[in-house]
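Please look through the sequence and the structure shown below before reading on.

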Amino acid sequence: MNFYSTNNPALRVGFKEAVFNSMPQDKGLYMPEHIPQLSEKFLNNLDQYTLPEIAFHVANALLGSDIPEQDLKAIIDDAINFEAPIVKLEEDVYVLELFHGPSLAFKDFGARFMSRIMAWYLREGEKQLDVLVATSGDTGGAVALGFLGVPGTRVTILYPKGKVSPIQEQQLTTNGQNIRALEVDGTFDDCQALVKQAFVDDELNEKFRLTSANSINIARLIPQTFYYFNAYAQLLKQDKTKVAFCVPSGNFGNIGAGLLAWKMGLPVTQFIAATNLNDTVPAYLKTGVYEPKPSVATLSNAMDVGNPSNWARIANLFKDDQEELKKLVVGYSYNDQQTEEAIQQVFEKYQYVVCPHTAIAWKALKEWQAENHSDVAGVFLSTAHPCKFPDVFIDEVASAIHVPEAVKDLEGRAKQAVPLSKDFEGFKAYMLEN
Ligand SMILES: *Cc1c(COP(=O)(O)O)cnc(C)c1O
């Protein structure tokens, strides 16, 4: 498959280049040059397949010309080695749990698949890949854990001292192997500035093959289509064929993957984009005016994005028909108070605990269903395990959270982090010496 830039359809690159460069020079985003249609036979019989089988079928349709089937299958079996179950909460309300991977968030799908694709291209003894990530907590964890133990790669995480949650810090600093953590005496912005400067530093670029494993990488988007097909498969088993997906959205990669799945033939009735006060997209869907704005801080901070980077991909998927986009995708946005109320309502109604991002999706789904769409099975995506956000819950709810074994295991492990100041020379010296 070749990929073009959303800013220049004439620019075509192969999959390897799209994966290693993340973003074209023209600052567009890579898109597949044609979108394969999956067969009726496959789509009508999705319920006969497991998640890894579905993933292989979908990935092979997109990448079959790039990666031999045997290898692609091995990559998928290794990357997608955890479940993505739907759980029925009431009639026609299901939660799709995407937090059963190592970092307890849906970003594991993208990070694990991308890391193994990169390793596959590096297998013939190419120079080691050095991944640099600055993190305010969550994304860095998924990237670090995604690369853990992957041959030919090494990850350096920079995180702001004292500004990540205890679970996040444990996820970042107790891995060893090919993962190292730098605890920077500064803010997230300082960490990001260090990484950015490293990418333009001649000496570092000469010595190392640096990559950011960026969140807009096409190899992170593709595996996120898998769980939409798999969720539909699980609904088919319950004789549900009309489905709406409600997606808590920030950079719009997750819902973008759902729309790609739809373009490949998945029969979805409706997509619902649920946001916090960073409502650039819901506002656009109502007014027709796309107006990016500075982000505002909220409780659901993984969605604090005022200018969603994947929007260009979605607009591009619908380039011929913006009206169709507005029919297929509706938007809702909620403030922090509504988010807290939704967490409480979900808990009281179903004795189920959702993270703040997921709570917003539940509320949007319920609001949409109340507008006379009750014959459609609604699935809201749970993007992270609630135990990652202990501070947002009142005690009664917090004590109902079932903390996964993997998290309990982390507690006993020793923190390994190198303290650094926020100045570039110190960071550079560390890189060159280690
Ligand atoms: C990243 C993230 C989101 C937003 O996903 P996008 O693909 O950026 O829209 C939502 N919830 C959680 C928990 C996240 O980590």
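## Basis of the description

Contact here means heavy atoms within 4.5 Å, while helices (H or I, at least four residues) and strands (E, at least two) are DSSP runs, numbered from the N terminus. The model is predicted, so local features need pLDDT of at least 70 and side-chain atom pairs count only at pLDDT 80 or more, whereas totals for chains, interfaces and linings use all residues. Residues are numbered from 1 along each chain as its sequence is written, and side-chain values use heavy atoms, with hydrogens and water left out.

## Helices H5 and H6

Helix H5 (residues 107–122) packs against helix H6 (residues 138–147) at an angle of about 40°, and their axes are 8 Å apart; such axes are lines fitted to C-alpha atoms, for helices over the stretch in contact, and angles run from 0 to 180 degrees between N-to-C directions. That angle makes H5 oblique to H6, in a scheme where angles under 35 degrees count as roughly parallel, over 145 as roughly antiparallel, 65 to 115 as roughly perpendicular and the rest as oblique. H5 passes H6 in a right-handed crossing, a crossing being left-handed if the near helix is turned anticlockwise from the far one by less than a right angle, and right-handed if clockwise.

From H5, the residues Lys107, Asp108, Ala111, Arg112, Met114, Ser115, Arg116 and Met118 meet Thr139, Ala142, Val143, Leu145, Gly146 and Phe147 of H6. Sorted by class, the residues of this contact of H5 with H6 are seven nonpolar, three polar and four charged (Ala, Val, Leu, Ile, Met, Phe, Trp, Tyr, Cys and Pro count as nonpolar, Asp, Glu, Lys and Arg as charged, and the others, Gly among them, as polar).

## How H6 is enclosed

Nine of the ten residues of H6 are buried, so H6 is largely enclosed by the rest of the structure; buried means under 20% relative accessible area, exposed over 50%, and partly exposed in between, with a 1.4 Å probe and protein chains only. Among the buried residues of H6 are Asp138, Val143, Leu145 and Phe147. The cover over the buried residues of H6 includes H5, strand S6 (129–134), strand S7 (153–160), H7, S8 and H10. Glycine 149, which follows H6, has a positive phi near 75°.

## Helices H10 and H11

Helix H10 (residues 218–236) and H11 pack at an angle of about 65°, with their axes 8 Å apart, and the two helices are therefore roughly perpendicular to each other. The crossing of H10 and H11 is right-handed.

In this contact, Leu221, Gln224, Thr225, Tyr227, Tyr228 and Phe229 in H10 meet Gly253, Asn254, Ile255, Ala257, Gly258, Leu260 and Ala261 in H11. The contact of H10 with H11 has eight nonpolar, five polar and no charged residues.

## Aromatic pairs

Rings of Phe, Tyr and Trp (its six-membered ring) pair if their centres lie within 6.5 Å, and planes under 30 degrees apart count as stacked, over 60 as edge-to-face and the rest as tilted. By this rule the count comes to 19 aromatic pairs. In one of these, the rings of phenylalanine 252 and tryptophan 311 have their centres 5.9 Å apart and their planes at 85°, so the pair is edge-to-face. Phenylalanine 252 lies in the loop between strand S10 (243–248) and helix H11 (253–263) and tryptophan 311 in helix H13 (residues 311–317), so the pair ties together parts that are 59 residues apart in sequence. Both phenylalanine 252 and tryptophan 311 are buried.

The rings of tyrosine 350 and tryptophan 362 have their centres 6.4 Å apart and their planes at 85°, so this pair is edge-to-face as well. Tyrosine 350 and tryptophan 362 are both buried. One aromatic cluster is formed by Phe82, Phe109, Tyr227, Tyr228, Phe245 and Phe271.

## Single residues

Glutamine 177, found in the loop between helix H7 (166–173) and strand S8 (179–185), has a positive phi near 50° and is exposed, with a relative accessible area of 66%. Alanine 213, in the loop between strand S9 (209–211) and H10, has a positive phi near 45°, but alanine 213 is buried, with a relative accessible area of 2%.

Leucine 365 lies in helix H16 and counts as buried at 0% relative accessibility. Not counting residues up to four places away in sequence, leucine 365 touches Val93, Cys246, Ile272, Gly378, Val379 and Phe380.
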